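Biologist: Hi! Could you walk me through this model, one piece at a time?
Modeller: Happy to. Have a look at it and we'll start with a single residue.

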Amino acid sequence: MSHAAAVLASESTDAPARPSTRLVVVLALLAAFAASMSVYVAATHALSYHARDEGPNASYAVSLHAGDLPTIDSPVALDRDRFPQIARGANREAFDRHRMIWTANHPPLYYLLGVPWVALADAFDQPQVLIVGMRATSALAYGVLVFLVGLIAFEVTPRRPAAAMLATAITASPAVLAVAAGFIMNDSVAVAASSLTVLATLRILRLGVTRNRMIVMAAAGTLAAATKAPGVITVIMCGAALGLTLLLRDRTWKGFLRATWLTAIATAVPGLAIGWFYVRNIVLYGDPTASAALLERYQRVQVDTWFEVMTAPRFWHGWYDHLWVPLPLRGTGLHWIIDAITLLALLGLALGVVARLRDHGREHGLVVSAPRVPSVATVGLLVLIAHAFVIIVNLAQFRSGGGNPHERYLMTIMPLVAIVLSVGLLAIVDAVPWGEIRRREEIAAAIVSAFLLGMAAATFVVWMRTQIHLGLDRMLPEIRPLPYMALGIGALCAIAGVSLPLLWRPAALERPSSVRSAADEDQHQAKALANY
């Protein structure tokens, strides 16, 4: 059975309950590499207002510090003495509508995290502390997101640790997202919280319901819904997946009551905690996200119908490629590398599906019944696919209404993209008759990860040089060494992360001395990995 076929099959009871220390270290090292690029961005541009979004985002935190919950009509912070960067940026805007906290349609969690930075900026009379601090929060959250994607991949493929490593490297590889996470944006915090919700859900489905796991799921869902509107979608879908799967496992009346109660906990806790904010948006603006009011305010002109945007392959393909290809490198042919990797992964997935269907047919021929409930892998992939579909539909509506697409909006679907690509690429590796299958996967994952991280580093260097050439790479003299130290540490982490699987080979993966059939070898390795 191929890797992709194994993913689609029911999980084995021999799968390890948690990732090994070795795997966790690898995932953490790769996440640190991603965070280092974002930290560099957060510590540069600090003395000048850079993006139009940053002033309103920072002003949201300033308003909360003053005890006010802003609306989209609240003015940005214009106190030149306390916040000169924000004031200078606002004064450069030609229209008053760009001097408003239009980001006040978002829930307040990310901005509450910025309140301590406002207090520190005032205490030390250093306004740049607010800018760098809120950026650093976003940058570190991006590293957490990369790490969580690896853990989600492990829950989907617990007997294939290489898939978790490769998914983490894929998430860390788009330098464009690492740059975006270095600014005052709520995207990385929101996606990290949503990913934690998905992870908590899958752990419950794979390992069983416990009080602590339900607490983590409810808390993570609350964080996701309190950061950005797509988090509400995550909470609803994870709650539905939990309830339906538990109901399929126990179709008795008692099982129905239990599934309903647990679903209610997973969805009602976030709803009670932050639902008031979305009700407030409806009262103030007419819809939960204030999207119609914002589109009208900024005079967005409809460019296409929703259907035309949804069915425009060139638009979606270009947007996807731009995750890895920054503006200075567009037209260089780098997108062909991304396309080739993606097509290879899709081919591997197709081969896995065919193998799974063939195995299913053989089971029926032997009068072996199919599983009565979907596997955790299937549930996880379905949740990620459904969530990504809803996000894409919303993005299509935003685009058709005249909104400007930004690559960071696709950060939400990165868990699905990374897992699909990693599973598909390893399916190709599994088809190669060379060596022991688990070791082969680890070596291939390390090589592909090294390539992707090297590509990310190269594209990030191009971005850095562009900023320096434009005179935007400015730092305070007292912190000037720190961003470069962060990049150096990140590079060392990347090298260690891709080298560790090659140098540290667990005894559990030693090749058996006797020759086994494919089924026997899978069973042997599953039992070995239970202790891995």
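Biologist: Where does His106 sit?
Modeller: His106 is in the loop between helix H4 (84–91) and helix H5 (109–124). Helices here are DSSP runs of H or I with at least four residues, strands are runs of E with at least two, and both are numbered from the N terminus. Before we go on, this is a predicted model, so local features need pLDDT of at least 70 and side-chain atom pairs count only at pLDDT 80 or more, while totals for chains, interfaces and linings use all residues. Residues are numbered from 1 along each chain as its sequence is written, and side-chain values use heavy atoms, with hydrogens and water left out.

Biologist: Is His106 buried or exposed?
Modeller: His106 is buried, with a relative accessible area of 16%. Buried means under 20% relative accessible area, exposed means over 50%, and partly exposed is in between, using a 1.4 Å probe and protein chains only.

Biologist: And what does His106 touch?
Modeller: Not counting residues up to four places away in sequence, His106 touches Tyr60, Tyr111, Asn186, Thr227, Lys228 and Phe277. A contact means heavy atoms within 4.5 Å.

Biologist: Tyr60 is in which helix?
Modeller: Tyr60 is one of the buried residues of H3. That helix is mostly covered, with 11 of its 12 residues buried.

Biologist: What covers the buried residues of H3?
Modeller: The cover includes H4, H5, helix H6 (128–156) and helix H12 (253–285). Just after H3 comes Gly67, which takes a positive phi of about 90 degrees.

Biologist: Which residues have a positive phi without being a glycine?
Modeller: Asp125 is one of them, with a phi of about 55 degrees. Ala290 is another, at about 60 degrees.

Biologist: Where are Asp125 and Ala290, and is each buried or exposed?
Modeller: Asp125 lies in the loop between H5 and H6, and it counts as exposed at 58% relative accessibility. Ala290 is in the loop between H12 and helix H13 (291–297). At 0% relative accessibility, Ala290 counts as buried.

Biologist: Let's switch to H7. How many of its residues are buried?
Modeller: 12 of the 12 residues of H7 are buried, so the helix is largely enclosed by the rest of the structure. Among them are Pro161, Met165, Leu166 and Ile170.

Biologist: What span should H7 have?
Modeller: Helix H7 covers residues 161–172, and at 1.5 Å a residue it should span 16 Å. Its end C-alpha atoms are 17 Å apart, which agrees. The expected span is 1.5 Å times one less than the number of residues.

Biologist: What about the chain overall: how many helices and strands?
Modeller: The protein chain has 21 helices and zero strands. It has 532 residues, of which 54% count as buried.

Biologist: What lines the second largest cavity?
Modeller: Its lining includes Val191, Ser194, His387, Ile413 and Leu416. The cavity has a volume of about 110 Å³, and H9 gives the most to the lining, with four residues.

Biologist: And the second largest pocket, which residues lie nearest its centre?
Modeller: Tyr320, Ile392, Ile413, Leu416 and Val417 lie nearest the centre, out of 18 lining residues. Helix H15 (313–321), helix H16 (334–365), H17 and H18 each give two or more residues to that lining. The largest share, five residues, comes from H15. About 560 Å³ of space lies in this pocket.

Notes
On a 1 Å grid over the protein atoms alone, a cavity is a set of points where a 1.4 Å probe fits but cannot get out, and a pocket is an open set with protein on both sides within 12 Å along at least five of seven lines; lining residues have an atom within 4 Å of a point. Grid points are joined across faces, edges and corners, and a volume is the space filled by probe spheres set on the points.
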